[in-house]
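Colleague: Hi! Could you walk me through this one, in plain words please?

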Amino acid sequence: MALDIDYKPVVEKWPMTKDPLAAIKEFRKWHLWLRWLRPAHRKASKYYYNQRAEWIGKTDFEDYFENADRSINKEKWEYLRLRKSWYQMPLNWEKFCGEDCTTILDLGCGDGDLTQTLVDFICNEFKRTGKGHKIHIVGSDLSPSRIGNAQKHVTSTDDRVTMEFQVDDATKPLPFDDKHFDYSLNSGVFEILADESADKFAGELCRLTKYGIYTEDLADEYPGGFPRQDLNCLFNPHGFKVTRKAEVLTEPWSTKINPKPCGIWPMLLDQNVWCEPQ
Ligand SMILES: C[S@@+](CC[C@H](N)C(=O)[O-])C[C@H]1O[C@@H](n2cnc3c(N)ncnc32)[C@H](O)[C@@H]1O
């Protein structure tokens with residue numbers, strides 16, 4: 001289904017454009033039940049679950065993530081980035097701007113949209129505070145096509161904030177020494193990995209990170225997904241523990257209509273988590 005561009009002005013008015021942590025403030029557990037009273041949510045859920053169930057029945061995941069052609073134009077990329085910034089929030093991100101941070105890894109960076117949000121966050125902080133230093137960000141993903149999108153679309157407005165993107169399978173060792181990166185982040189990766197791969201991915205993330213890890217991940221059941229309510233189950237065996245967690249929904253509760261890229265996302269439970277060495 002093509003992107004319905006009329007949704008963009010709706011998303012531009014969502015509260016995260018004024019308060020990036022708005023999703024945390026408005027989250028209520030009972031919204032998880034109340035959402036089923038909304039016809040828009042029921043319709044989107046039915047469509048999403050059916051479509052996913054059909055898709056996973058005929059898809060070889062490993063082949064898909066590695067080889068699918070996922071090229072995306074800038075307009076759609078920007079729209080998705082804005083849409084996701086509701087629930088991919090800068091939780092503890094001030095640490096990414098601190099003096100102890102010179103290298104950051106975005107593991108499973110996909111199209112680099114969260115990498116862009118991170119670059120913008122750091123550049124804006126440097127501008128706001130009048131301070132700043134060199135920070136290099138590496139985005140890594142299994143998909144050459146997605147890495148191509150990131151290389152094409154991600155930009156920095158501050159020469160001190162640089163980035164590069166590379167193809168890696170993070171269930172195997174990446175070509176960096178232990179604790180090469182001061183901080184790292186990952187979004188939407190654990191939710192697509194079964195336990196064995198998720199454990200290897202978490203192990204590599206923890207091996208490469210010195211101080212702290214930001215994770216965004218779905219916590220709702222969906223066909224073909226691997227939601228985990230407590231990500232300590234992945235981090236503890238590798239010496240890290242969750243020190244902050246926020247549950248959110250993937251769109252604002254108050255939205256009258258249900259803007260959804262490509263018509264696929266209902267209102268889902270999501271989590272933003274910060275981890276540090278145990
Ligand atoms: C749902 S996407 C999320 C992408 C991006 N972080 C975002 O927030 O849009 C999951 C990503 O994990 C990547 N991935 C899956 N298995 C991987 C692996 N073994 N190593 C590195 N990346 C992997 C996929 O290629 C895909 O880009």
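Modeller: Happy to; we can go from the overall fold to the details. This is a predicted model, where local features need pLDDT of at least 70, side-chain atom pairs count only at pLDDT 80 or more, and totals for chains, interfaces and linings use all residues. Residues are numbered from 1 along each chain as its sequence is written.

Colleague: Great. How many helices and strands are in the chain?

Modeller: The chain has eleven helices and seven strands. Those are DSSP runs, numbered from the N terminus: helices are H or I, at least four residues, and strands are E, at least two.

Colleague: And how compact is the chain?

Modeller: It is as compact as a globular protein of its length, because its radius of gyration is 18 Å, close to the 19 Å that the globule rule gives for 278 residues. That radius is taken over C-alpha atoms, and the rule is 2.2 Å times the number of residues to the power 0.38.

Colleague: What share of the residues is buried?

Modeller: Buried residues make up 35% of the 278. A residue is buried if 20 or more other C-beta atoms lie within 10 Å of its own, exposed if 12 or fewer, and partly exposed in between, with C-beta atoms placed from the backbone.

Colleague: Which residues of helix α9 are buried?

Modeller: In α9, residues 144-153, they are R146, I147, N149 and A150. They lie on the same side of α9, because they cover an arc of only 155° around the axis. The arc is that of the directions from the helix axis to the C-beta atoms.

Colleague: Why would residues three or four places apart point the same way?

Modeller: An α-helix has 3.6 residues a turn, so residues three or four places apart point the same way.

Colleague: Nice. What covers the buried residues of α9?

Modeller: The cover includes α6 (74-84), α8 (113-129), β2 (135-141) and β3 (161-167). Contact here is C-beta atoms, placed from the backbone, within 7 Å.

Colleague: New topic: which residues does V119 touch?

Modeller: Not counting residues up to four places away in sequence, V119 touches I137, V154, S156, V161 and M163.

Colleague: Last one: is S254 buried or exposed?

Modeller: S254 counts as exposed, because it has 8 C-beta neighbours inside 10 Å. You'll find S254 in the loop between β6 (240-249) and β7 (269-277). S254 and F201 are 53 residues apart in sequence and 36 Å apart in space, C-alpha to C-alpha.

Definitions and conventions. Contact = placed C-beta atoms within 7 Å.
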